[in-house]
Amino acid sequence: MRFVDEYRDADKARALSARIAELCEPGRSYKFMEVCGGHTHTIYKHGLEDYLPESITLVHGPGCPVCVIPMGRVDDAIHIAGQPDVLMTSFGDMMRVPGGRGSFFDSTAQGADIRMVYSPLDALKIARREPDRQVVFMAIGFETTAPSTAMTVLRAAAEGVTNFSIFCNHVTIIPAIKAILDSPDLRLDGFIGPGHVSTVIGCRPYEFIAREYGKPLVVAGFEPLDILQSIYLLLRQLAEGRSEVENQYSRVVPWEGNPKALRVISEVMELRPYFEWRGLGFISHSALRVRPKYAAHDAEQIFEIPGGRVADPKACQCGEVLKGVLKPWECKVFGTACTPETPIGTCMVSSEGACAAYYNFGRFSRKRVREATR
Amino acid sequence: MTGTREDREEQVLERIDRVRARRARVKEEHITMAHGSGGKATQTLIEAVFLDAFRNPALEPLEDSAVVEVGTERLALTTDSYVVSPIFFPGGDIGDLAVNGTVNDLSVSGARPLYLSAGFVLEEGFPVADLRRVTASMARAAATAGVGVVTGDTKVVQRGKADGCYVTTAGVGLLDRPARLGVAHARPGDTVIVSGPIGEHGVTIMLARGELDIEADLISDTAPLNGLVATLLDACPGGVRCMRDATRGGVATILNEIARASGVAVVVDEDAVPVRPAVRGACELLGIDPLYVACEGRMVVVVDGPSAGAALDALRGHPLGGEAEIVGRVRDDPPGLVLLRTTFGGTRIVDMLVGDPLPRIC
């Protein structure tokens with residue numbers, strides 16, 4: 001298949017793998033964080049770690065939209081969904097995220113009307129079809145999905161669809177990366193930068209990472225060869241004593257991002273003073289809310305939101321996993337109390353979550369798997 | 001926990017295996033859509049609720065059909081309900097699906113399907129013309145498979161209490177061959193074959209719902225497999241260990257059932273698995289692995305090593321098996337796991353399906 005197969009070529013992977021091994025200094029170990037959950041998924045799904053020398057460790061970062069939603073916000077959404085004449089809509093992978101009082105799936109089993117959609121525009125379509133009900137879209141994601149949410153609000157406003165609103169949980173990636181860089185418990189050698197987010201924000205916002213923290217960052221695509229090449233580029237920077245922002249994903253990511261998408265976001269949304277991130281705690285200016293101008297489409301203005309803070313279950317170590325301090329299997333409840341069927345933490349819910357990716361694809365000694373597949 | 005990082009990881013993995021091997025328990029208070037997905041939640045529900053209530057030697061193997069002895073004859077008995085939405089889709093409808101599904105459950109147990117029953121739950125307001133269309137297609141499918149629909153039942157419920165038309169079929173077949181088949185019969189050295197391109201039914205249904213704005217030239221693979229099975233069993237009597245039709249949960253779920261029940265590892269080559277470009281493309285767009293997508297006319301076959309060539313030739317010689325491929329082999333270690341050598345050249349495990357990527361596909 002074009003645009004897919006050429007980025008999964010095993011011969012090219014072997015060649016890159018050899019060049020990566022050559023660049024690794026003997027006796028030195030390397031820790032690179034892939035910020036984006038999409039990368040985590042690719043790494044496990046294709047067995048990419050088989051191509052890396054043991055001295056390279058990939059640390060899975062916080063860039064999974066579902067994983068960073070705090071339990072309190074899930075409860076708030078379920079509260080909204082329980083109001084009379086409300087029809088909640090959500091992306092599929094949000095459906096199983098547990099709040100303090102169960103997940104969307106649990107609520108639908110008890111009578112709430114929560115429907116899966118593939119895009120906020122689908123939610124708007126439902127709103128047009130069901131004018132007697134308030135249709136709420138559970139908006140989640142980084143700058144990748146924020147433009148489509150914002151566009152949908154603009155369209156609803158333009159068309160005068162008064163029964164459509166969003167429950168805005170959009171977050172921004174840069175403050176999260178900064179929080180990780182400032183975290184004392186982690187030492188990283190570089191970042192595999194998020195690809196999809198960068199199509200919107202471009203590469204410039206990462207420059208402080210290279211300049212102020214001295215860490216290289218390579219914006220990477222989502223096919224396994226993209227990631228392997230980005231690791232090669234990171235190692236080359238380190239070998240040459242450089243720390244820069246490089247764009248491996250230039251076939252999609254323009255250096256300046258997408259100004260039109262950014263304009264749409266800022267027309268509809270503004271920064272919140274602070275927002276709670278699952279596992280990372282409160283981070284200032286790290287999330288978006290609907291501007292007062294569009295209050296008619298803001299679920300937080302239309303409904304009374306309990307806004308309670310729910311502490312993560314004690315046993316859950318999602319925070320450490322999201323910061324890359326712990327490998328998924330090092331969490332106390334991983335795979336025993338917390339599994340994809342009955343997740344305790346969000347990292348186990350989304351297919352992009354580090355724990356789910358490891359559980360579904362990597363839950364076995366790599367040595368024995370390699371042995372068996374030889 | 002002590003030792004190197006790798007040792008500690010091994011210890012964690014062993015602990016997880018022990019937890020997975022424990023008796024299944026339904027933790028939810030209510031039925032959720034995941035219980036119907038055909039994956040892990042369905043299996044838990046079956047083991048913890050149904051098996052618990054009905055436990056008996058014929059049920060316990062949890063095969064596609066139960067095998068019972070009546071006098072000197074061995075009979076295969078099975079039942080299946082169909083709630084697919086939409087009822088009519090490219091390549092078939094709920095009627096032929098209901099006949100083929102039950103015929104296939106009997107066939108893969110090695111039985112010759114004989115008679116079917118059909119139960120209908122109809123929603124008030126359902127067009128009689130549509131019901132005629134469904135029954136006509138059932139009659140055609142039954143004739144093709146050489147079975148008779150010999151008894152039935154009709155119930156009507158109020159508008160809103162069902163979605164148009166649900167069909168339940170049950171079937172009985174005669175086990176008149178010596179072959180003893182079962183998911184627990186796979187042995188190291190065996191070969192794994194799939195009878196044709198996978199995932200076509202599931203993707204067709206998903207696209208037929210019209211919610212995705214993706215168009216593809218695809219039709220459901222629904223078909224009766226009894227002819228194909230007979231051809232295979234004639235070609236290698238004694239060489240076939242087990243067969244399963246890869247419905248909900250797809251090929252991945254079947255392979256996991258085989259690995260678990262037989263206590264073996266199944267190693268699959270991603271490159272060897274036949275997937276049509278349209279299915280692959282849709283799956284790429286939707287982030288779904290074709291290995292988990294349902295088929296309604298494909299089966300997974302495990303044969304002993306020496307029979308692999310003959311089995312493949314036999315399948316390919318039949319119109320429904322023309323694109324059969326050897327996709328993997330059975331090994332002793334690590335027991336209970338399905339491993340995939342990816343196209344990219346890496347390795348990973350293939351787990352049971354969790355959640356519900358495709359609601360109501362059959």
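**Figure 1. Helix α5 of chain B and its cover in the predicted model.** What covers the buried residues of α5(B) includes β3 (88-89) and α8 (277-286) of chain B. Helices (H or I, at least four residues) and strands (E, at least two) are DSSP runs, numbered from the N terminus. A residue is buried if 20 or more other C-beta atoms lie within 10 Å of its own, exposed if 12 or fewer, and partly exposed in between, with C-beta atoms placed from the backbone. Helix α5 spans residues 200-208 of chain B, and 8 of its 9 residues are buried, so the rest of the structure largely encloses this helix. The buried residues are B:Glu200, B:His201, B:Gly202, B:Val203, B:Thr204, B:Ile205, B:Met206 and B:Leu207. Just after α5(B), B:Gly210 has a positive phi of about 70°.

This is a predicted model, in which local features need pLDDT of at least 70 and side-chain atom pairs count only at pLDDT 80 or more, while totals for chains, interfaces and linings use all residues. Residues are numbered from 1 along each chain as its sequence is written, and chains are lettered from A and ligands numbered from 1 in the order in which they are written.

**Figure 2. The open sheet of chain B.** Seven strands line up in the order β9-β11-β8-β12-β10-β13-β14, and their pairing is mixed. The edges belong to β9 (240-245) and β14 of chain B; each has a single partner strand, so one side of each lacks a neighbour in the sheet. From one strand to the next the twist averages 25°. Axes are lines fitted to C-alpha atoms, for helices over the stretch in contact, and angles run from 0 to 180 degrees between N-to-C directions. Two strands pair if DSSP finds at least two bridges between them.

Figure 3. Strand β8 (residues 191-194) and strand β11 (residues 299-303) of chain B are antiparallel and share 4 bridges. Here B:Ile193 faces its opposite residue, B:Val301 in β11(B). Helix α9 (residues 308-316) of chain B packs on the sheet and touches β8, β11 and β12 (325-331) of chain B. The direction of α9 makes about 5° with that of β8(B). Two residues are in contact if their C-beta atoms, placed from the backbone, lie within 7 Å. β9(B) is joined to β11(B) by 5 bridges, and these two strands run antiparallel. The bridge partner of B:Asp245 in β11(B) is B:Met299. β9(B) is mostly covered, with 6 of its 6 residues buried.

Figure 4. Strand β13 covers residues 338-341 of chain B. In a regular strand the side chains alternate between the two faces of the sheet. Both faces of β13(B) are covered: B:Val338 and B:Leu340 are buried on one side, B:Leu339 and B:Arg341 on the other. Strand β10 (residues 265-269) of chain B runs parallel to β13(B), with 4 bridges joining them. In this pair, B:Asp269 stands opposite B:Arg341. β13(B) also pairs with strand β14 (residues 347-349) of chain B, in the antiparallel sense, over 3 bridges. B:Arg341 has B:Thr347 as its bridge partner in β14(B). The hairpin of β13(B) and β14(B) has 5 residues between the strands. In its turn, B:Gly345 has a positive phi of about 100°.
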